[in-house]
Amino acid sequence: MQSFDELYSNNNCEQLVIIVPEKNDSSEAKIACYERKNTEWIQVFDKMDGKIGKNGVTENKVEGDMKTPIGVYSFGTFFGSGENLGFKFHYRKVDGNQFWVDDVESKYYNTWQDGTNKKAWKSAENLLHPAYKYAAVINYNSKCIKGKGSAIFFHKINNGATAGCIAAKEDELIKILRWLNPNKHPLIKIYRCET
């Protein structure tokens, strides 16, 4: 996986959210945030406890495997049921009529859709959800390859492990989301545990 400096050179990335699982089959993880200042990478917050997929991490994500995909990803839209708290990314408020399609047979697989197209899929996640009071889309499987996994978000811890997303305590999540700046091309890097 690319080093921090390679991510800067190749993507102009100046902000990084790092996710390190406790074990590859564990839902426990540490979250660390770094920002490039001049030529140095500085840790901007204390490390935080986070949650990942119930079955840990994988390099070969499959829809429904309850695993978080290893790799480096950009952030997409921020969304939630709460008010915009000064996020620098585009923020969409949800009201129960927004869905993320997880039906692998649908042409809308792994995309955000408004409820007007409901007949075009058999299953989708309603984005008005307690875990998504504030959340960020992680641009995983952006080519929408069927069966490679969908709806990978950075959201608040709800009931422990996730179905493949990354979660943090609500106050820490908000702190990170407010810090992230699209002008600094932030990325999220999900590691495999090497121990």
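This is a tour of the structure above, selection by selection.

The model is predicted, so local features are given at pLDDT of at least 70 and side-chain atom pairs at pLDDT 80 or more, while totals for chains, interfaces and linings use all residues. Residues are numbered from 1 along each chain as its sequence is written, and side-chain values use heavy atoms, with hydrogens and water left out.

**Stop 1: strand β7**

Select residues 71-80, which form strand β7. Helices (H or I, at least four residues) and strands (E, at least two) are DSSP runs, numbered from the N terminus. Seven of the ten residues in β7 are buried, where buried means under 20% relative accessible area, exposed over 50%, and partly exposed in between, with a 1.4 Å probe and protein chains only.

Next, show the pairing partners of β7; two strands pair if DSSP finds at least two bridges between them. Strand β15, residues 187-190, runs antiparallel to β7 and is joined to β7 by four bridges. Within that pairing, look for glycine 71 opposite isoleucine 190. Strand β12 is also antiparallel to β7, with three bridges, and here phenylalanine 79 stands opposite alanine 135. Strand β8, residues 91-93, pairs with β7 in the parallel sense over three bridges; phenylalanine 78 is the residue opposite tyrosine 91.

**Stop 2: the β2-β3 hairpin**

Select residues 28-37 (β2) and 40-43 (β3), which pair in the antiparallel sense over four bridges. Tyrosine 34 in this pairing stands opposite glutamine 43. Two residues separate the strands of the hairpin, and asparagine 38 in the turn has a positive phi of about 60°.

Arginine 36 lies in β2 and aspartate 5 in helix α1 (residues 4-11), so the pair ties together parts that are 31 residues apart in sequence. A salt bridge here is a side-chain nitrogen of Lys or Arg within 4 Å of a carboxyl oxygen of Asp or Glu. Arginine 36 is buried, at a relative accessible area of 12%, whereas aspartate 5 is partly exposed at 42%.

The structure holds ten salt bridges. Glu35, Lys37 and Lys184 are linked in a network of them.

**Stop 3: glutamate 170**

Select glutamate 170, then show lysine 133 and lysine 156. The side chains of lysine 133 and glutamate 170 meet in a salt bridge at 3.2 Å, N to O. This pair links distant parts of the chain, 37 residues apart: lysine 133 is in the loop between β11 (124-126) and β12 (135-138), and glutamate 170 is in helix α2 (residues 170-179).

Glutamate 170 also forms a salt bridge with lysine 156, where the closest N and O atoms are 3.9 Å apart. Glutamate 170 is partly exposed, with a relative accessible area of 27%. Lysine 133 counts as partly exposed at 34% relative accessibility, and lysine 156 counts as buried at 15%.

**Stop 4: lysine 51**

Select lysine 51 in strand β4, residues 48-51. This lysine is buried, with a relative accessible area of 17%. Its side chain makes a polar contact of 2.4 Å with the side chain of glutamate 28. A polar contact is a pair of N or O atoms within 3.5 Å; within protein, one must be able to donate a hydrogen and the other to accept it, and residues adjacent in sequence count only if both atoms are side-chain atoms.

Now show the surroundings of lysine 51, taking contact as heavy atoms within 4.5 Å. Not counting residues up to four places away in sequence, lysine 51 touches Ser27, Glu28, Ile157, Gly160, Ala161, Thr162, Cys165, Ile166 and Ala167.

**Stop 5: the nonpolar cores**

Select Val17, Phe154 and Ile176, which touch the most other members of the largest nonpolar core, a set of 32 residues. Such a core is a set of buried Ala, Val, Leu, Ile, Met, Phe, Trp, Tyr and Cys residues joined through side-chain atoms within 4.5 Å. The elements that give two or more residues to this core are β1 (15-21), β2, β7, β12, β14 (166-168), α2 and β15. Helix α2 supplies the largest share, five residues.

Leaving aside neighbours within four places in sequence, isoleucine 176 is in contact with Val17, Ile31, Cys33, Phe45, Met48 and Phe154. Finish with the second, separate core of twelve residues, which includes Leu127, Ala151, Phe153 and Cys165.
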